[in-house]
Structures are given as C-alpha cells and as structure tokens.
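I opened my notebook to work through this chain step by step. Here is what I looked up, entry by entry.

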Amino acid sequence: MASSSPPHVVEDVPPFLQLLSDGTVIRFTDAYPLPVPSPPPGQPVVDWKDVLYDASHGLKLRIYRPAAASSSGNKLPVIVYFHGGGYSIGSFDMPNFHACCVRLTGELPALVLSADYRLAPEHRFPAGLDDAANVVSWVRAQAAAVGDNADPWLSETANFGRVFVAGDSAGGGVVHHTAVRLASGRLGPLDPVRVAGCAMLCPMFGGEERTASEAEFPPGPFLSLPAVDQAWRLVLPPGSTRDHPLANPFGPDSPALDGVALPPMLVVAAARDLLRDRAADYAARLKAMGKPVELVEFEGQHHGFFAVEPYGDAGSEVVRLVKRFVYGNGGASD
C-alpha cells in the first residue's frame, strides 16, 4: 500500500506561523515583531481590564479608562480600536498596541475598547469582520444594560452618543468594513449608540493592479510587498484575487459606496509606506463622492509608524490629530 506524503509547508510567515498542506496552522508564540516601547515619565495614569465580549469564540477586549475618570463623573467619548497585524497576527495585549491605547486614553482623554478578532488563516474573511460587528453590538448592549448586566466602567464613564471606530493597518481595513456595515444598516438600530466618526491609520487595502508606491517604493522596515500579497492569500477566501471586495473597496465587484452615508472619516497615510497610494486613493474617492473625509500624510514615516513607535514624535502628532478629530466631531465630554 502506498503511503500518503506527510503535510508540507504551503505558506511560511516567519517567525510567526506556518500553514501546512493539510490546513494545519503552526503558530510560534514566542515571536515578537516590534521594538517594545518604553513610556517616558509623566504619562497620565490609565487603568485597564479585560472582558469577554463573545463567549462563543472566546474573544476578549481590553477596556482602558483614565484613572481620574473614576472620580470626576465626566462622560468621555468611546474609541473602539482594532489592532493591526496583516489579519493573521496580533492581539490587543501586544505591548505596542497596548501603548497606543494607553496614550489615546490618557491624552485625549477617552474610554478605549481594544478588541481582538479571529485571525487568518484559521479564520478567513469574513470571520474577523463579523467579530468587529459583534464588538459594536456588544457596545450597544452595554449602552442599554442596567444593574449587574452593565459594566461599571462603561456605565460610569462612557458617552455612548459619541463613539468612534479606529484601527491601525489591518485594523484600518476592519474600520472601513465596519463603517460600511453600520451605514448600510446591516447591524440594525444602534440607539442609544451613535458612531460619530472613524479613524484609519495606514489602512491595509489591496488590489491586483499595482499602485506607484507598491511598484516603486523599497520595502519598509516592517512591511514588504511579498508579505502584503501573502497576507491577502491567507485571509481571503481560497482562490480569491486581491480585487476581492473585502480587500479592494473599489474593485470591479465591490459594492458602490456613493449612496452609503459614512460618518466623518480620518485617514492617516505614511509617505514612505508601500500602501500609501491605496490610503490616499481611498480618501480621494470618498471625497469625490462628497463624503466627509480628511487625509493627513506623515512625511518620512513607514507603514504602521504609530504602533512601531507609540511614544515617538510622529506618534505624539497622531495622538494630537486623533484628539482634534474626536473632540471636533461631537466628542467633547459632558
């Protein structure tokens, strides 16, 4: 009897994971891709805790709250934040994403909810996007909860009429799809929650036709074009191209956005990012449709610069930019 050949590696994502020919995924949990941030002295004190938002999939989110909020009685805007990682790696508890959320919480100030979502290739699209929608539904349920069903941090501090959705890199792509679902009514009525805006930091979009930045820019310190292409192979349904609607918002089969009433959008692009042109094109197309969108480009920066250096000068400017966006779009505390 002929023996079957053993499984072999079909996708290798060093040093994070391998996908085998039989569908098995091997993850190397000791790998960490980024320099661990070191906060400077004098940062605002921020409390955080982890809560389960989807018991069926074991998914958690981390709630961040300024320590002073527990005694001030002021209601703060809420930022729902989705981490990056090419849709296949990452978690809210990674030190760099954690540091980003600590800064946003303390310096805006705001209540930040940083949520995990299912990752590829174990869970291809639309799984992670469905999880993001469930986060919004969880926030809506919290806004309506009373007594023991209500999280005390949220009931005491959250202004549910001023909710913002934000994300970095792949998390920026999650923000786009969440915003479209919200604006299309696919998540049902949100009352009393109101999504007042969305912020996308170096969003990860794709497409079969190469942009100038993809074709001409050298690889960045944490991103290369082969890595981007591989990320799409891992997360999209098998056999899909990079023009799939979940990768390319303006692909040949993507739904038209002209009639979709998106909330105000802030798009941050990095001038030396391979994906820079996709972010700029996204903002330009929305603006041409009359959507409320602002594009801010950071000169000299690479993809995901805020997560790479949360306490760098450019990171500080991102915090100021997001603060202006949040408090300029109905985010002032009561």
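**Entry 1: the cysteines**

I am working with a predicted model. I began at cysteine 202. Is it buried or exposed? Cysteine 202 is buried, at a relative accessible area of 2%. Next I looked for a bonding partner.

I repeated the check on cysteine 198. Its relative accessible area is 0%, so cysteine 198 counts as buried. Its sulfur has cysteine 101 as the closest cysteine, with 16 Å between the sulfurs, again too far for a bond. How many disulfides does the structure hold? I noted zero.

**Entry 2: the eight-stranded sheet**

I traced the strands next. Eight of them make an open sheet, and I wrote down the order E4-E5-E7-E6-E8-E9-E10-E11. The pairing is mixed. Which strands stand at the edges? They are E4 (46-54) and E11 (293-298). Each has a single partner strand, so one side of each has no neighbour in the sheet. From one strand to the next, the twist averages 20°.

I then followed some of the pairings. E8 (residues 158-168) and E9 (residues 195-201) run parallel and are joined by six bridges. Aspartate 168 sits opposite leucine 201 of E9. A helix packs on this sheet too: H10 (residues 313-328) touches E6 (76-82), E8, E9, E10 (265-270) and E11. The direction of H10 makes about 170° with that of E11.

**Entry 3: strand E10**

I stayed with E10 for a while. E9 and E10 run parallel, with four bridges between them. Alanine 199 stands opposite leucine 266 in E10. E10 also pairs with E11, in the parallel sense, over six bridges. There, alanine 269 has glutamate 297 of E11 as its bridge partner.

How many residues of E10 are buried? Six of the six are, so the rest of the structure largely encloses this strand. I recalled a general point: side chains in a regular strand alternate between the two faces of the sheet. In E10, Met265, Val267 and Ala269 are on one side, and Leu266, Val268 and Ala270 are on the other. All of these are buried, and both faces of E10 are covered.

**Entry 4: two single residues**

I picked leucine 76, which is found in strand E6. Leucine 76 is buried, with 5% relative accessible area.

Then I turned to histidine 176, in helix H5 (residues 170-183). Histidine 176 counts as buried because its relative accessibility is 3%, and the cut-off is under 20%. What does histidine 176 touch, leaving out residues up to four places away in sequence? I listed Met200, Phe205, Pro249, Leu257 and Tyr282.

**Entry 5: the nonpolar cores**

The largest nonpolar core has 66 residues. Which of them touch the most other members? They are Leu61, Ile63, Phe82, Leu113, Trp138 and Trp232. Helix H3 (residues 127-144) gives the largest share of this core, eight residues. Beyond four places in sequence, its contacts include Leu61, Ile63, Val80, Trp138 and Leu154. Another core lies apart from the largest one. It has 34 residues, among them Met94, Leu108, Ala196 and Val322.

**Entry 6: the three-stranded sheet**

I found an open sheet of three strands, in the order E1-E2-E3, with antiparallel pairing. E1 (9-13) and E3 (25-27) are its edges, each with a single partner, so one side of each lacks a neighbour in the sheet. Neighbouring strands here are turned by 15° against each other on average, direction ignored.

E1 and E2 (residues 17-20) run antiparallel, joined by four bridges. Valine 9 has leucine 20 of E2 as its bridge partner. Helix H7 (residues 225-235) lies across E1 and E2, at about 125° to E1.

**Entry 7: the record**

Last, I checked the UniProt annotation. An unreviewed entry gives "domain: Alpha/beta hydrolase fold-3" for residues 79-306. Over that stretch the chain is 36% helix and 17% strand. The C-alpha atoms at its ends are 16 Å apart.

Conventions
Residues are numbered from 1 along each chain as its sequence is written. This is a predicted model: local features need pLDDT of at least 70, side-chain atom pairs count only at pLDDT 80 or more; totals for chains, interfaces and linings use all residues. Side-chain values use heavy atoms; hydrogens and water are left out. Two strands pair if DSSP finds at least two bridges between them. Helices (H or I, at least four residues) and strands (E, at least two) are DSSP runs, numbered from the N terminus. Axes are lines fitted to C-alpha atoms, for helices over the stretch in contact, and angles run from 0 to 180 degrees between N-to-C directions. Contact means heavy atoms within 4.5 Å. A nonpolar core is a set of buried Ala, Val, Leu, Ile, Met, Phe, Trp, Tyr and Cys residues joined through side-chain atoms within 4.5 Å. Buried means under 20% relative accessible area, exposed over 50%, partly exposed in between (1.4 Å probe, protein chains only). UniProt positions are given in the numbering used here, feature names are shortened, and annotations may be inferred rather than shown by experiment. A disulfide is a pair of cysteine sulfur atoms within 2.5 Å.
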